Every structure is written in C-alpha cells, then in structure tokens.
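Visitor: I would like to learn how to read a structure like this one. Could you walk me through it?
Guide: Gladly; let us look together.

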Amino acid sequence: MTCIHPFVVFSLVLCYLTSICLSETPNFVSSGGITVRTISKLNSELYEITISTTAVRGDQKVRILLPRDYTSSAKTRRYPVLYLFHGSLGNAADWTTGGKAQTILGHSPVITVMPDGGSFGWYTNWLNPGHVTPQNWRTFHMEQLVSWIDRNLRTVNEKKGRAVIGLSMGGFGAIRYAELYSDRFAFAASFSGALDLQDFRIQTGILGSVTIDGKPLDGPFGAALLPWTQEGWIAQNPITHAASLKGVKLALYTGNQGILEGTVRDTTYRLLDKLKSLNIPVYFNDYTNGASIGNGCKGGHDFACWNGALIDVLPRMMSALIQKY
C-alpha cells in the first residue's frame, strides 16, 4: 500500500481551497524561434540553458538566476526581470564568474537573464554578416528571448516588470534596446558603456575587434570613418535617439582610470549632456578612481567597478519595478 506524506495532503488541500499552490522547478521549452538544446542547473538558483535561434548562427547560452523563493512561492507570484548584458570578448557566464551577480542579486525578488551577446555582437542586427550570417542579435534578444522568458517563467510581463543593464559593449546594448523598446523597459543602466558610435576611438576599436573571430570588418554597423559610409553608425548611435528614453528611468556609471575607461567616459558624458538638453532625468555616477563606489574599484574598466555599480544601482532599479502576488 502506498503511503502519502501528510504534508503532501495538506499542500493539495490548501491549494484547492485557497489557490495558493507551491511552484515547481521551471521547465524550459522551445518556442518562438528558440530551440532548447540542454538545461544545466548550476546551483539552487542558477541555470544555464543552451539554445539555438533562427536569428543568430550557432548555439548560444543563456544564464538565468532565479529568486531564492521562486520554487517555493505561490503559482500566482510573478517577478520582474533584469536583462544583464556582458561586454566584448564576454559571454553569458561573465556576470556570475568574473562578476558577482548571484551574490549581489541573490536576495532580491527579481529574475536575472544573462544571454550570450557574441564576442563582438554589439547588440544589433548586423548590416554585413557576410559568411557568418545570420547575426541578428537584436532580433534574438528583443523579439525572441524576452517572449521566451515570459512563456517559461512567472514574470511581470509589462513595462514596469523589466529592466536592462549592461557593461561596456553591453552598456551600449542596454541603452540602445531601451531606446528601441522603451515600451518594454522601466529602467536602463550603462556601466562603462560605449555610448557614442561617432567617437573615432570607439569606431576604431569596433573595426579592429570584430575581425578577431573571423567576422567581416564592417559587420555590425557597416563601414566607418568616411562621411559617406557612416549611415549605420549614426542610425545606431544612442545619442541620435536619446529622446526615445523619455519615460525610462536611467542610470549611467563611469570611472576615469586607463585609456579604455577614459574613452567610454567621454562617450558617457556626451549622452549625459544630450539627456540634460532634452530634460530627461538620469542618475549619473562618475566614480573617478573608484573611492566613492568601493568594492575594490580603482576606477578601471573591470568587474571590481561593475560589481560596485551593480550594488549601487540595485535599489534604484528595484524601486522602478513592480511585484505581483
């Protein structure tokens, strides 16, 4: 004779009488152009999903950090989502290996989604993908991944239920996506972001980097440097579309140590000036040598500062998001 534990009986009765049912471990399934290949549970809250997408060539990984009470909360409980982007030469694991996202966000009631963005994908649909077609990173992230997350997890599926943050190349992606999809995001932040594509140093860096993994020199934004070949760079420049950020709560962070951080610092100030001219509110933190932000930050282009920025921005982000019970 099979015995049923009294707690199981109690839970079933409670669920039936009150509709308070305990949640189950998430089951990630394919949909909307995304095919699930493998699911790995790295620890009690962190998953790594290998997927393929019709938008980008090759398999991609997505790391998903669930709130600590996700599997024990009621099925009616819904959580806001943070999309957290890596930088150049990075991948979906960066924020939970070099970064301390799980430690920083672990006690917060938010689902964190950390997708691959390509070593040099630049969070855009490439103008010239060449032999590595397709390279439609924006389509993957914004037209496929967001919907896939909403189908597979108990999310707050509305503007006030989403935030987007990124570092370096991912800082560009976070601000650019917030411009293009301002109806989807309540909050956006850039940490050391490359926020002015018309800066010749940024252009030189992009043109010099995308060829490292064998992709076309002018892949993401087309040719540059010459005035008559800059349409893609101007069209995708965050400063060009800053007015689209009205209605999105914003935060910009930068340090001042080193050539790379000094370059993105200049671009951050340009976007800041543009936002001010448009009377768009923005929280701005130039932590210079890192003393004001702590966490071991020395003001450079590194995770000590980005972890510090994530700690600092967290309460601002959470105040912009809503919870549903």
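Visitor: Is phenylalanine 284 buried, partly exposed or exposed?
Guide: Buried means under 20% relative accessible area, exposed over 50%, and partly exposed in between, with a 1.4 Å probe and protein chains only. Phenylalanine 284 has 22% relative accessibility, so it counts as partly exposed. A word on the background: this is a predicted model, where local features need pLDDT of at least 70, side-chain atom pairs count only at pLDDT 80 or more, and totals for chains, interfaces and linings use all residues. Residues are numbered from 1 along each chain as its sequence is written, and side-chain values use heavy atoms, leaving out hydrogens and water.

Visitor: How much of the chain is buried?
Guide: Of its 325 residues, 55% count as buried.

Visitor: Which secondary structure does the chain have?
Guide: Helices (H or I, at least four residues) and strands (E, at least two) are DSSP runs, numbered from the N terminus. This chain has nine helices and nine strands.

Visitor: Which ring pairs with phenylalanine 284?
Guide: Tyrosine 269 does, in an edge-to-face pair with 5.0 Å centre to centre and 75 degrees between the planes. Here tyrosine 269 belongs to helix H8 (residues 259–277) and phenylalanine 284 to strand E9 (residues 283–288), 15 residues apart. Tyrosine 269 is partly exposed, with a relative accessible area of 29%.

Visitor: Which rings link into a cluster?
Guide: Ring pairs join Trp95, Phe191, Tyr253, Tyr283, Phe303 and Trp306 into a cluster.

Visitor: What lies over the face of tyrosine 70?
Guide: A charge sits over a ring if NZ of Lys or CZ of Arg is within 6 Å of the ring centre and within 35 degrees of the ring normal. Arginine 154 lies over the face of tyrosine 70, at 4.1 Å from the ring centre. Arginine 77 lies over the face of tyrosine 79, also at 4.1 Å from the ring centre.

Visitor: Where is valine 110 found?
Guide: Valine 110 is in the loop between helix H3 (101–105) and strand E5 (111–115). At 2% relative accessibility, valine 110 counts as buried.

Visitor: With which residues is valine 110 in contact?
Guide: Contact means heavy atoms within 4.5 Å. Leaving aside neighbours within four places in sequence, valine 110 is in contact with residues including Leu65, Tyr79 and Met318. Valine 110 and tyrosine 70 are 40 residues apart in sequence, and 9.4 Å apart in space from C-alpha to C-alpha.

Technical notes:
Rings of Phe, Tyr and Trp (its six-membered ring) pair if their centres lie within 6.5 Å; planes under 30 degrees apart count as stacked, over 60 as edge-to-face and the rest as tilted.
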